[in-house]
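I opened the model and kept notes as I went. The entries follow the order in which I looked things up.

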Amino acid sequence: DWMARADVCAAIGFAYGEVRLYEPACEWLDRALRSGSGDCPVRAAEQHANFQVRLAAQAWTALQGRAGEGAPAQREARRAELAERIESALFQLDAINTRAPTVERLVLLGSACKRLAWVQQGRPRVEALLNMAQYYREAHDFDPDEDVYAFVNWAIACCVAAGSIACSRARRR
């Protein structure tokens with residue numbers, strides 16, 4: 001019975017996440033979120049979404065490694081599926097952040113947008129970069145003395161987004 005408690009499942013999920021085993025981490029965090037016994041920390045929902053994003057990014061990396069394999073239509077379908085998984089996790093994180101914003105949640109949102117931008121193409125990529133910049137800027141503004149991580153990622157997102165916009169304008173000419 002104790003292995004079905006939310007707090008125990010969450011602890012196991014966090015441990016798997018620490019060693020970057022995101023699939024079992026997600027399974028245990030999902031068990032924690034669905035459990036009717038014990039206390040489930042909000043962090044379980046945050047990290048479940050974060051690990052879902054990371055799993056999608058890992059899948060995209062694997063797909064990139066097999067660039068010449070498979071039909072372009074299948075590859076595009078897989079890319080769209082991975083983008084949708086990341087967007088779903090973004091929605092979950094944003095719901096928590098809307099209720100109670102923290103630097104950690106804003107950074108997780110920025111990180112998810114960064115990975116979404118990597119998977120997306122064209123206008124959706126620029127939109128993801130702009131959202132990434134917004135979340136990292138909000139994290140930096142939340143506590144500018146905290147550390148430079150949010151600031152650096154905000155600056156990078158702005159530069160890459162500006163470059164993407166300039167490139168798309170040049171292509172239209």
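Predicted model: local features only at pLDDT ≥ 70, side-chain atom pairs only at ≥ 80, totals over all residues.

**Helix 1 and its end**

I began where helix 1 stops: arginine 20 follows helix 1 and has a positive phi, near 65 degrees. I take helices as DSSP runs (H or I, at least four residues), numbered from the N terminus.

Residues are numbered from 1 along each chain as its sequence is written, and side-chain values use heavy atoms, with hydrogens and water left out.

I checked the span of helix 1 (residues 6-18): its 13 residues reach 18 Å from first C-alpha to last, close to the 18 Å expected at 1.5 Å a residue. The expected span is 1.5 Å times one less than the number of residues.

I then listed the buried residues of helix 1: Ala6, Val8, Cys9, Ala10, Gly13, Phe14 and Gly17. Buried means under 20% relative accessible area, exposed over 50%, and partly exposed in between (1.4 Å probe, protein chains only). Their cover includes helix 2 (22-34) and helix 3 (42-65), with contact taken as heavy atoms within 4.5 Å.

**Rings**

I searched the whole structure for aromatic pairs and found 4. Rings of Phe, Tyr and Trp (its six-membered ring) pair if their centres lie within 6.5 Å; planes under 30 degrees apart count as stacked, over 60 as edge-to-face and the rest as tilted. The pair of tyrosine 22 and phenylalanine 51 is tilted, because the ring centres are 5.1 Å apart and the planes stand at 35 degrees. Tyrosine 22 lies in helix 2 and phenylalanine 51 in helix 3, so this pair ties together parts 29 residues apart in sequence. I noted tyrosine 22 as buried at 6% relative accessibility; phenylalanine 51 is buried with a relative accessible area of 6%.

I looked for charges over rings (NZ of Lys or CZ of Arg within 6 Å of the ring centre and within 35 degrees of the ring normal). Arginine 43 lies over the face of phenylalanine 14, 4.1 Å from the ring centre. Arginine 31 lies over the face of tryptophan 28, at 4.1 Å from the ring centre.

**Aspartate 94**

I found aspartate 94 in helix 4 (residues 72-99), partly exposed at 28% relative accessible area. Beyond its neighbours within four places in sequence, aspartate 94 contacts Leu109 and Tyr135. The side chains of aspartate 94 and tyrosine 135 make a polar contact (3.4 Å).

Definitions and conventions. Helix = DSSP H or I, 4+ residues; strand = E, 2+ residues; numbered from the N terminus. Polar contact = N/O pair within 3.5 Å; in protein donor to acceptor, adjacent residues only side chain to side chain.
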